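Me: Please take a close look at the ligand site of this structure. I would like to read about the residues around the ligand, and about the annotated positions there, in one connected account.

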Amino acid sequence: MSKGKLAKFAEMNTFSNVFQYPFSVIQSVPFTMKGHWREQYFGNPNPIVLELGCGKGEYTVGLAKLYPDVNFIGIDIKGARMWNGAKFALEQGLKNVAFLRTNIELIDRFFAPNEVQEIWLTFSDPQMKNARKRLTSTYFMERYRRFMVDGGIVHLKTDSNFLFTYTSYMVDGNTLPLLFRTDNLYQTDGLDAETSKILSIQTYYESMWIERGLNIKYQKFRLPHAGMLTEPDVDIPLDEYRSYHRSKRSSLETGR
Ligand SMILES: C[S@@+](CC[C@H](N)C(=O)[O-])C[C@H]1O[C@@H](n2cnc3c(N)ncnc32)[C@H](O)[C@@H]1O
């Protein structure tokens, strides 16, 4: 690990807005805030919104600044990235922000039923080879249901045509109520001012993809508690630009 990363990790251990529970400690260190984030950390009864795979946390802090009456928690396993958002939130005195460093697969260990109102997925890895790892798969939807309110909102912002198409099949196939969908966010007319303001927050990966001329896609939908969820069974063209530099190239051109 580089010196810079080690220094960030050391500093992050002192941050009051960061909780670190990777796989390696989850069995030995009890997490007592499950079901008590509002009273024990935020000190208010406001809604809780998660950003999963928050990276540097731009969305988490951006939304927190826009909505002081909502609590935001950025979640990622990469501490050196998270350090940026956590440090910024502390410097800005943002009381409605926290960061949780953990594996998203463990997420239901940190939140109790009905504790979370919304989830943001920002530029999530499309996981073209493994549907179970996709953050919009029905496997993850079942996990999210365990701690989201009934009909809680899931937002997906992505450059990936694969992930966007897969998610659209997942949403439509399971008749989850769709609230909004566009495959070219920055060329969509008629967004109301509030939506434009939220959607214009740009993450590190987003600015990278925009620079490369890729369309940014966005959809939001509700996740009701009732109803069995079925995985989409369709072939979807892989994202060419993502598989291009891989050393072990697959001969596949589509994925499920
Ligand atoms: C492509 S980056 C996007 C980061 C950020 N949202 C952005 O737009 O700049 C995906 C992020 O998700 C995190 N991630 C992916 N799978 C994860 C998992 N299973 N558990 C925790 N973090 C994960 C990675 O560490 C990475 O920071």
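Reply: What follows describes the shell around the ligand and then the positions annotated in the record. The model is a predicted one, and in it 18 residues surround the ligand, the closest being Gly53, Gly55, Phe123, Thr203 and Tyr205. By class, this shell is made up of six nonpolar, six polar and six charged residues, and the element that gives the most to it is helix 9 (residues 204-211), with three residues.

Turning to the record, the unreviewed UniProt entry places the feature "binding site" at Asp159, Thr203, Tyr204, Tyr205 and Glu206. These positions span 48 residues in sequence, yet no two of their C-alpha atoms are more than 12.2 Å apart, so they gather at one spot.

Asp159 counts as buried because it has 21 C-beta neighbours inside 10 Å, and, leaving aside residues up to four places away in sequence, Asp159 touches Phe123, Trp209, Leu214 and Ile216. Glu206, by its position, belongs to helix 9, and Glu206 is likewise buried, with 21 other C-beta atoms within 10 Å. When residues up to four places away in sequence are again not counted, Glu206 touches Phe123 and Ile216, two residues that Asp159 touches as well.

Definitions and conventions:
Residues are numbered from 1 along each chain as its sequence is written. This is a predicted model: local features need pLDDT of at least 70, side-chain atom pairs count only at pLDDT 80 or more; totals for chains, interfaces and linings use all residues. A residue is near a molecule or strand if its C-beta atom, placed from the backbone, lies within 6 Å of it. Helices (H or I, at least four residues) and strands (E, at least two) are DSSP runs, numbered from the N terminus. Ala, Val, Leu, Ile, Met, Phe, Trp, Tyr, Cys and Pro count as nonpolar, Asp, Glu, Lys and Arg as charged, and the others, Gly among them, as polar. UniProt positions are given in the numbering used here, feature names are shortened, and annotations may be inferred rather than shown by experiment. A residue is buried if 20 or more other C-beta atoms lie within 10 Å of its own, exposed if 12 or fewer, and partly exposed in between; C-beta atoms are placed from the backbone. Two residues are in contact if their C-beta atoms, placed from the backbone, lie within 7 Å.
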